[in-house]
Amino acid sequence: MNQRELQIKFRQQAEAVAATVSQAASLEEAFAQAARLTREQGGACLAAPGWSQAETIAIRAACGREGLELVTQGLKDWVGRFHTGLTRAQWGVAESGTIVVDSASEDLRLATMLAETHVAVLGAGNIRDELFALEQELNRVLAQPQGYLAFITGPSRTADIELMLTLGAHGPRRLHLLLLEESS
Amino acid sequence: MSRASRRHYHQRLQGALGNRFLGQTLARFQGNYRGSRQAGFAGLDFPALAAEVGAAKDAALGQMKELFQQFKAKAEAAGAQVHLAHDAGQAREIIADIAAQAGCQRIVKSKSMTSEEIHLNPYLEAQGLQVTETDLGEWIIQLRGEGPSHMVAPAIHLSRGEVAELFTQVTGQKQNPEDIASLVEVARGRLRQAMLTADMGISGANFALASTGSIATVTNEGNARLVTTLPRVHVALVGLEKLVPDLHTALKILQLLPRSATGQLISTYVTWITGAVECAANQGRKELHIVFLDNGRLALSQDPVFHQALRCVRCGSCANVCPIYGKVGGHNYGHVYIGAIGLILTYFYHGREAARDLVNNCLNCQACKVNCPAGIDLPALIKKTAGLVMAEEGRPLKNQLLRRVMTNRPLFHFLLRRADLAQKPLARGGRLIRHLPHFFAPGQEFRSLPVVAAEPLRDRWSRLALPVAEPRRKVALFGGCLIDFVYPEQAEAFLQLIEGQSIQVDYSRDQSCCGLPAAMASEEETAREVARQNLAALDAEQHDYVLSLCASCASHLKNYPKLLAEDPVWAGRARHLADKVIDLASFLQKEVDLEPGAGQGVKAAYHAPCHLCRGLGVHEAPKELLREAGYDYRPYEDEEVCCGFGGSYSLDFPELSAAILERKLGQVEGTGADILVTDCPGCVLQLEGGLDHRGSPIRVRHLAQALAEAQGKKDA
């Protein structure tokens with residue numbers, strides 16, 4: 001599959017498991033989308049740990065335009081207050097619509113686990129067809145001591161009561177994926 | 001004592017069969033699963049992948065100690081503390097000590113079958129610790145004081161009404177049973193609070209990677225991520241069999257695990273943890289303990305036969321496809337571990353007492369085996385486990401008799417002939433016995449039983465088989481007890497089908513029972529003895545085919561090489577014979593030109609015998625033949641599900657045999673069929689008996705008879 005086909009397949013598969021997907025031409029646009037989506041869902045606060053200083057400035061500006069509060073660290077003290085967790089995803093897997101998120105940072109984990117909505121920014125060039133194609137990269141991450149690596153496929157779900165599928169069991173109720181067109 | 005426990009088990013089964021909600025839920029669950037699983041594996045070569053996983057797991061099991069040492073070194077270098085518990089008690093103590101030393105009071109858990117295995121919660125609670133399960137289903141059953149009834153869906157036996165009632169008690173607020181989302185919301189709110197205030201999280205692990213010292217969990221709800229992130233101490237309880245050498249092996253298993261569990265391509269969250277991760281609440285680093293549990297696994301991993309059981313990846317598929325589980329649920333079809341694998345593991349982890357009655361409750365329908373992502377031969381291991389129980393408790397009288405009679409063919413056949421006299425008054429001149437005296441066969445009222453033929457096939461043979469001058473093919477016919485002594489007309493129909501085709505058919509009078517009933521009774525030595533007798537009688541070397549009209553016999557003959565693998569004299573002949581064994585439909589398609597038939601639109605439903613569709617891998621041939629013969633073939637959902645016969649199973653567990661049969665016959669009647677066709681005399685017995693008992697006009701035909709009738713030849 002070429003890159004275009006990988007993107008189409010990835011999007012299809014992610015949507016099949018109730019994730020939503022949109023394109024962004026630049027990081028600025030991605031941040032703007034994340035902030036707008038937060039406001040539209042009625043959120044007032046966005047958590048964005050793990051971004052560089054320059055990126056954080058851009059996120060702050062996007063939050064400002066939507067009237068949102070921004071928190072970037074010490075998230076445990078903000079539990080229940082941030083609506084959105086905005087993080088990067090390192091890789092995407094087209095076969096299953098999965099994102100791979102290096103979650104060694106505790107704040108980053110809290111953002112992706114305790115938010116109502118998780119928004120992940122994924123470089124469109126980082127999509128592979130299947131997990132086996134990422135073996136080398138994943139092995140490098142696993143070999144680092146004190147690591148926490150997550151494969152995430154759609155929002156949290158359960159079917160434990162009469163097998164009725166219900167989203168948002170413990171983690172985020174929504175997963176939004178922003179495919180970043182520029183090389184990242 | 002064993003009789004009392006058996007009676008108690010049958011009472012529980014009866015209770016489950018009377019629970020309408022349970023029956024409906026499980027039927028819906030198993031029906032949905034079939035479709036989801038098929039979609040999940042679309043485009044993949046499942047048997048090949050399952051064989052790869054089986055081989056990879058076997059390799060890992062063979063080096064369990066080495067993998068443990070390697071894992072320990074890597075994980076400790078990354079800041080984890082690694083423990084090895086030799087048994088359940090030791091594992092409980094280690095975990096309680098960790099809690100005491102770290103000053104933990106509140107524990108949250110994500111789902112771990114291993115912690116169920118060692119009955120961890122009651123022990124920790126007795127130490128004054130507060131333990132909260134955070135998987136929704138696990139929380140529900142914890143609140144009810146029950147164990148899981150399924151490895152993946154622990155509360156599948158409960159209705160929304162029961163959950164709403166429970167949550168009303170827990171919250172003190174009326175909960176609406178029709179609003180499942182709001183019930184989930186109750187759990188989300190309560191458990192979020194528990195996780196935020198806990199000081200210890202206990203998880204299981206699906207994989208332990210020796211190459212990096214990482215552990216992995218696979219979940220949908222996301223609770224395992226919170227349990228391993230929020231509290232300052234994390235304890236992972238891991239069975240030693242979860243050790244794999246590297247990521248590649250884990251990814252191989254991961255490719256099959258969610259697909260086999262729920263049909264998902266991958267579960268929502270797969271989380272890999274290496275070492276003591278960042279944790280602000282614990283001076284920057286999490287306190288991570290990884291407790292490996294042996295509890296018999298090291299010894300089991302060295303067992304030439306039973307090591308297979310440790311391949312299990314806990315997907316639950318053996319329950320999802322099991323017709324017995326589908327009727328009675330996990331609380332009556334397992335102890336802690338449920339489904340087919342549970343019947344085996346219960347003996348090894350929880351002892352003979354817990355396993356004794358369970359381990360006999362298997363139809364040998366092979367549905368679990370062909371769906372197992374690790375290629376475990378579950379039905380065979382179940383029989384071997386039953387053999388172990390029997391060896392410890394002594395052979396029941398019926399086994400002693402079976403051995404004596406079966407190994408002596410003339411005696412066995414003499415007794416079968418005598419049955420003809422004994423049953424005459426019961427049959428009242430007909431071909432079916434509708435009312436057996438209850439004391440003779442309790443629980444058999446759900447079906448009529450056929451009478452033994454007045455003249456068995458072996459006595460008719462010299463009249464039936466006309467010599468063929470220059471045969472194009474030579475076939476050794478294996479009758480099997482039912483065709484020889486009960487349904488010789490099925491063999492006559494076969495002979496009519498091949499009339500004038502220059503095919504010579506030989507029927508050796510020295511052939512005996514195929515031996516499957518002995519194998520099913522865990523009488524392996526008897527099974528081997530009759531196999532040797534049949535090998536000598538059938539003389540496969542002189543024939544092109546060994547054909548049986550009984551799918552069970554054919555599939556068991558195919559199994560002779562395995563049965564006699566250690567026998568230097570007979571192993572070679574067994575392989576030779578197995579290569580020539582063929583079923584009726586495949587033989588007809590290969591060798592016989594049937595006239596396109598005048599089935600004249602008679603509506604025909606088909607029942608796929610377990611030993612044909614799964615045992616021999618023949619799925620389409622019989623149906624193609626029916627259509628070509630002019631029948632109006634009518635499919636139905638459970639066509640390949642067992643009819644509930646299972647030989648002596650239907651005598652030992654008549655309540656289940658009847659319930660499984662009833663579901664099948666209901667579906668068959670729903671097709672509007674005039675006839676029900678199958679190609680196994682055992683299935684004919686069960687189906688015909690059940691239909692007669694229901695007063696149904698549907699007639700049962702062996703495939704040979706249906707095809708012969710369509711050829712316009714004599715009604716067999």
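Tutor: Between chain B and chain A the count is 4 salt bridges, a salt bridge being a side-chain nitrogen of Lys or Arg within 4 Å of a carboxyl oxygen of Asp or Glu. This is a predicted model, in which local features need pLDDT of at least 70 and side-chain atom pairs count only at pLDDT 80 or more, while totals for chains, interfaces and linings use all residues. Residues are numbered from 1 along each chain as its sequence is written, chains are lettered from A and ligands numbered from 1 in the order in which they are written, and side-chain values use heavy atoms, with hydrogens and water left out.

Student: Which residue forms a salt bridge with B:Arg160?

Tutor: A:Glu162 does, and the closest N and O atoms are 2.9 Å apart.

Student: How is the size of an interface expressed?

Tutor: Often as the accessible area lost when the parts come together. Here chain B and chain A bury about 4,900 Å² between them, with 57% of it on carbon and sulfur atoms; the area is taken with a 1.4 Å probe and summed over both parts. In terms of contact (heavy atoms within 4.5 Å), 68 residues of chain B meet 50 residues of chain A.

Student: How many salt bridges does the structure hold over all chains?

Tutor: The total is 50. One within chain B joins B:Arg34 to B:Asp638, with the closest N and O atoms 3.0 Å apart. B:Arg34 lies in helix α2 (residues 20–40) and B:Asp638 in the loop between β20 (632–634) and α33 (649–652) of chain B, so the pair ties together parts 604 residues apart in sequence. Helices (H or I, at least four residues) and strands (E, at least two) are DSSP runs, numbered from the N terminus.

Student: At what angle do helices α8 and α9 of chain B pack?

Tutor: Axes are lines fitted to C-alpha atoms, for helices over the stretch in contact, and angles run from 0 to 180 degrees between N-to-C directions. Helix α8 (residues 136–144) and helix α9 (residues 160–171) of chain B pack at about 70°, with axes 11 Å apart. α8(B) and α9(B) are therefore roughly perpendicular, the class for 65 to 115 degrees.

Student: Which residues of α8(B) and α9(B) meet?

Tutor: B:Leu136, B:Trp139, B:Ile140, B:Leu143 and B:Arg144 of α8(B) meet B:Glu162, B:Val163, B:Leu166, B:Phe167 and B:Val170 of α9(B).

How values were computed. Buried area = accessible area lost by both parts, 1.4 Å probe. Parallel < 35°, antiparallel > 145°, perpendicular 65-115°, else oblique.
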